[in-house]
Amino acid sequence: MRYTKALILGLIFSGVTFSQEMVCKRVKSLPLDPFDKVWASVKPLDVSLSGQAVTVPMELKPSVTSIAVRCLNDGKSIAFHMTWSDKTEDRFHLIGKFSDAVAVQIPYKPSADVPVTMGDKSQRVLILHWSAFRQENIEKGYSDTAKIYPNYAYDWYPHADPPYRYPENWANQYALNYIGGEKVFRKNTFNTPVREVIAEGYGSSTWKDIQGAEGKGVYRNGKWHVVIKRVFVEESTSNPEWGPGKETFASFAVWDGANGEVGARKSLSYSWIRLKVE
């Protein structure tokens with residue numbers, strides 16, 4: 001373990017941080033549906049993943065060790081299609097189990113010198129994080145205690161009538177007070193399963209005020225198929241230098257909720273992948 005950790009840290013901080021490359025082809029329109037035929041025309045890139053072993057809490061026995069990635073753009077937006085094997089479909093946060101999730105990381109400045117471990121001071125990264133539980137809330141209503149354990153307890157929210165539509169039922173003054181104020185309210189009521197996060201080193205991740213990224217995940221035959229889509233230039237907020245017609249880098253991370261993975265406990269690609277955006 002000590003040798004593995006030293007090797008990982010050496011790779012991260014030595015600048016030897018990429019060996020694969022991916023071309024993000026330009027198409028007329030970007031489908032959010034993971035099974036749209038356009039995605040089948042793109043050869044996936046297989047990316048190896050390792051357990052997070054840099055900071056606590058670590059994940060030394062990750063269940064997901066590879067992910068297949070595709071990329072397309074339409075000149076205004078970019079989309080990543082990600083597929084990985086997962087024995088269980090985890091859409092809820094339970095005791096000791098969490099939601100499945102996946103993330104794409106892009107450096108603001110297109111340089112492989114940016115630490116792949118969520119950047120560093122003045123070396124900001126953008127993270128687009130899709131979660132199955134957020135999509136569950138949006139598509140099938142808020143996952144409260146009574147929904148997950150229908151025979152155990154009945155929870156009551158004074159600001160909404162069951163079945164709890166999400167985020168619509170949370171868009172009122174009572175909900176704002178119940179959740180805990182404007183900031184928490186805004187963070188938890190975006191109508192998208194993707195969160196845009198910026199970071200300058202692990203432990204510094206911060207949600208962006210502007211949240212425009214979209215996503216859709218489908219669990220089928222023991223695999224997750226997820227598309228994350230975002231415009232290159234989002235108005236009134238910061239954006240990476242990522243295209244179109246530019247080269248940058250990308251890395252990926254996966255959380256298997258049934259394996260107790262949440263937060264820093266995840267599997268990730270420790271090497272930047274060169275990304276050529278047509």
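Biologist: What is R91 in contact with, leaving aside its neighbours within four places in sequence?

Modeller: This is a predicted model, so please take everything here as computed. In it, R91 is in contact with A132, F133, Q135, E136, G217 and W224.

Biologist: Where does R91 lie?

Modeller: R91 is in the loop between β5 (77-85) and β6.

Biologist: Is R91 buried or exposed?

Modeller: R91 counts as buried because its relative accessible area is 11%, and the cut-off for buried is under 20%.

Biologist: Let's move to α3. Which of its residues are buried?

Modeller: Helix α3 covers residues 132-140, and A132, R134, Q135, E136 and N137 are buried there. Among them, A132, Q135 and E136 also turn up as contacts of R91.

Biologist: What do those buried residues pack against?

Modeller: The buried residues of α3 pack against β7 (125-131), α4 (145-148), β8 (194-199), β9 (206-207), β10 (214-220) and β11 (223-231).

Biologist: What happens just after α3?

Modeller: G141 comes there, with a positive phi of about 90°.

Biologist: You mentioned β11. Is R230, which lies in that strand, buried or exposed?

Modeller: R230 is buried, with a relative accessible area of 1%.

Biologist: Which polar partners does the side chain of R230 have?

Modeller: The side chains of R230 and E234 are joined by a polar contact of 3.2 Å. The side chain of R230 also reaches the backbone oxygen of F232, at 3.4 Å.

Biologist: And its contacts, again leaving aside neighbours within four places in sequence?

Modeller: For R230 they include S77, I78, L126, L128, E196 and K208. P240 and W242 are in the list for R230 too.

Biologist: Different spot now. Where is P107 found?

Modeller: P107 is in strand β6, which runs over residues 101-107. P107 is buried, with a relative accessible area of 0%.

Biologist: What is P107 in contact with, beyond its neighbours within four places in sequence?

Modeller: P107 is in contact with V114, R124, V125, P240, T248, F249 and W272. P240 is in contact with R230 as well.

Biologist: How many residues apart are P107 and P167, and how far apart in space?

Modeller: They are 60 residues apart in sequence and 31 Å apart in space, C-alpha to C-alpha.

Biologist: Zooming out, how many helices and strands are in the chain?

Modeller: The protein chain has six helices and 14 strands.

Biologist: How does its radius of gyration sit with a compact globule?

Modeller: A compact globule of 278 residues would have a radius of gyration near 19 Å, and the chain has 19 Å, so the two agree. The C-alpha trace spans about 55 × 45 × 40 Å along its principal axes.

Biologist: What share of the residues is buried?

Modeller: Buried residues make up 49% of the 278. Taking contacts between residues at least 6 apart in sequence, 66% join residues at least 24 apart.

Biologist: Last one: how many positive and negative side chains are there?

Modeller: There are 35 positive and 30 negative side chains, and the centres of the two sets lie 3 Å apart. The accessible surface comes to about 13,900 Å², with 53% of it belonging to carbon and sulfur atoms.

How values were computed:
Residues are numbered from 1 along each chain as its sequence is written. This is a predicted model: local features need pLDDT of at least 70, side-chain atom pairs count only at pLDDT 80 or more; totals for chains, interfaces and linings use all residues. Side-chain values use heavy atoms; hydrogens and water are left out. Helices (H or I, at least four residues) and strands (E, at least two) are DSSP runs, numbered from the N terminus. Buried means under 20% relative accessible area, exposed over 50%, partly exposed in between (1.4 Å probe, protein chains only). Contact means heavy atoms within 4.5 Å. The radius of gyration is taken over C-alpha atoms; the globule rule is 2.2 Å times the number of residues to the power 0.38. Accessible areas come from the Shrake-Rupley method with a 1.4 Å probe; for residues, only the protein chains shown count as cover. Lys and Arg count as positive and Asp and Glu as negative; His and the chain ends are not counted. The place of a charge is taken as NZ of Lys, CZ of Arg, CG of Asp or CD of Glu. A polar contact is a pair of N or O atoms within 3.5 Å; within protein, one must be able to donate a hydrogen and the other to accept it, and residues adjacent in sequence count only if both atoms are side-chain atoms.
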